[in-house]
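Welcome! Here is a short tour for anyone opening this structure for the first time.

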Amino acid sequence: MRTVAVLGGGIGGLAAAFYLCRSAQVPKVVVLESSSRFGGWLWSTRRSDGAVFEHGPRGIRPAGAVGRNTLNMVDDLGLAGEVLPVPNSHVASKNRYLYVKGRLHRLPSGISGLLRTVPPFSRPLLMSVATEILVKKGTEDDESIHSFVSRRLGKELADIAVDSLCRGVFAGDCKALSVRSCFPALYKAEQHRGSLTLGLLLGSGPSPVVQPGPLAQRSVKESWAQWSLRQGVQSLPESITEYLQQSGRVQLHKEAAVKHISPSDSGWKVHLEDGVITADHIISALPAKALSSTLPSSCHPLIQELQNISTATVAVVNLEYDGSILPVTGFGHLVPSSEDRGLLGVVYDSVFFPQHNRPNGQTTRLTVMMGGAWFQEVFGAPETVTEEHLLAKATEAVRCHLGVTSSPSWSRVAVHRDCIPQYHLKHFQRVESMRSFIRKNNLPLSLIGSSYDGVSVSDVIFSGRTAVEELLGRGF
Ligand SMILES: Cc1cc2nc3c(=O)[nH]c(=O)nc-3n(C[C@H](O)[C@H](O)[C@H](O)COP(=O)(O)OP(=O)(O)OC[C@H]3O[C@@H](n4cnc5c(N)ncnc54)[C@H](O)[C@@H]3O)c2cc1C
Ligand SMILES: C=Cc1c2[nH]c(c1C)Cc1[nH]c(c(CCC(=O)O)c1C)Cc1[nH]c(c(C)c1CCC(=O)O)Cc1[nH]c(c(C)c1C=C)C2
């Protein structure tokens, strides 16, 4: 193996290059990114007065093998001193709200929250959990998240809590999303233990082994719920880029859109606007549809499956208000689709990362997220909606949901087109069939990134690591 081309310089592509770089087996790695910056959706605005605003992910979870793996990477990059942890005991970890029937409801937490009837729910959650153990195992190989939760925990929880949760993670519709691909732990719990409750208590099968490094050990000791970085999450791709540049083995190309790839004697030819690169192997960290448009027609079945993976567009509106204006404190609130189809939720950024507030004077930073699977229906085509309209809708939601009548002192509107893949029913089959096509045809191609095996930052980083391990052998 002489050259590996990594297509796409989002966190997935950078992570793959990072792991390739740690092996002596590949002398040359080329990363090709179409835009003018690396990092993809990890995108932070650092204002000159010190305030930081996130336009994409804002918190990364430390839990599980993939969470530990990311913290190990942070250690290796020398970024541990920059980490801003939010412990489970923090008010932002304990308080999450739903906006239902015109008012905010705190989601139940702790044992007492399970025992009592907590509005907007009409019975104690413990009753749903207790009866769940008796529900028979499903017989389908996949099911929508809504159907799965209705069947096991009741329709009310599916309609309100799970509908909102899917909007707050996938910006998607729980009636269309696959439980097997979006929440594999729930699917496996039912398969292995016959019940979610038992699966959560007893575990539901093996998960990848990742030894915790110093930071991951600290995260357990201090019981972190999520973390960010002092200068925003964008510091992570920036730090990887620096590491890759220092390695001397990685060529990083910005404004290098991949137009087409064609097979060659020893692997691939990668066609750019202004030249061709040859590579023995390609790791694609492109969104599925972007990859489909670059593949040769000989890859027809793969192209078809890639095109079947749809995506959601999200409008992200960052707002800054003078003073401390929130009537409640917590992570934020979600809005079920029955309440407002276009308004997904509001994040109370300044509650969990006050370090990102401007240092002088009290301010409140909020992020309103809109659209998702409902974008077209509510706002029309993404290219036609105006920033003024989105800002007006966002500030109206803050007024109506949180009683904030003042105008924001600063705002920023962005429409993130096709930013979150939607793992619809039978997504697992689509991914299996793509990888089987690649295997059967001996294509020197790996598929990584948020389109396939999980959308969180840590899932995507782990997909880069797995691809490199498969390419170079375990323990590379
Ligand atoms: C609003 C929002 C909030 C989120 N919140 C969280 C959160 O709180 N926690 C969390 O863990 N995750 C969160 N996520 C999810 C996470 O950020 C993404 O799933 C992840 O960043 C995707 O990384 P990626 O590398 O797979 O894709 P991308 O970031 O999309 O990277 C793909 C790259 O490929 C490039 N590209 C496209 N076409 C070409 C081409 N032809 N040639 C070359 N390059 C090309 C693109 O420019 C891009 O840089 C959030 C995502 C969004 C959008
Ligand atoms: C309102 C829209 C969105 C909010 N965040 C996202 C959207 C679309 C995107 C997003 N949020 C999370 C992830 C990663 C998932 C993971 O596995 O780590 C992504 C892609 C984290 C997250 N956010 C919420 C939950 C329950 C989670 C899962 C992990 C965790 O429990 O922390 C809830 C939530 N998201 C948003 C709000 C306002 C909100 C709840 C109050 C914004």
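The residues of the shell around ligand 2 split into 11 nonpolar, 5 polar and 3 charged. Please keep in mind that this is a predicted model.

**Around ligand 2**

- Ligand 2 is surrounded by 19 residues, and the closest are R61, R96, G168, V169 and G332.
- Three elements each supply at least two residues of this shell: α7 (155-169), β15 (332-334) and β16 (343-347).

**Polar contacts of ligand 2**

- The side chain of R61 has an N or O atom 2.7 Å from an oxygen atom of ligand 2.
- R96 also takes part through its side chain, with a polar atom 3.1 Å from an oxygen atom of ligand 2.
- With G168 the backbone is involved: one of its N or O atoms lies 3.0 Å from a nitrogen atom of ligand 2.
- On its own, ligand 2 exposes 760 Å², and the protein buries 80% of that area.

**Where α1 meets α12**

- Two packed helices are described by the angle between their axes and the distance between the axes.
- For helix α1 (residues 11-21) and helix α12 (residues 235-247), the axes come within 10 Å and cross at roughly 35 degrees.
- The crossing of α1 with α12 is left-handed.
- From α1, the residues I11, L14, A17, F18 and C21 meet L236, P237, I240, T241, Y243, L244 and S247 of α12.
- The residues in this contact of α1 with α12 comprise 10 nonpolar, 2 polar and no charged.

Terms used
Residues are numbered from 1 along each chain as its sequence is written. Chains are lettered from A and ligands numbered from 1 in the order in which they are written. This is a predicted model: local features need pLDDT of at least 70, side-chain atom pairs count only at pLDDT 80 or more; totals for chains, interfaces and linings use all residues. Side-chain values use heavy atoms; hydrogens and water are left out. A residue is near a molecule or strand if one of its heavy atoms lies within 4 Å of it. A polar contact is a pair of N or O atoms within 3.5 Å; within protein, one must be able to donate a hydrogen and the other to accept it, and residues adjacent in sequence count only if both atoms are side-chain atoms. Accessible areas come from the Shrake-Rupley method with a 1.4 Å probe; for residues, only the protein chains shown count as cover. Helices (H or I, at least four residues) and strands (E, at least two) are DSSP runs, numbered from the N terminus. Ala, Val, Leu, Ile, Met, Phe, Trp, Tyr, Cys and Pro count as nonpolar, Asp, Glu, Lys and Arg as charged, and the others, Gly among them, as polar. Axes are lines fitted to C-alpha atoms, for helices over the stretch in contact, and angles run from 0 to 180 degrees between N-to-C directions. A crossing is left-handed if the near helix is turned anticlockwise from the far one by less than a right angle, and right-handed if clockwise. Contact means heavy atoms within 4.5 Å.
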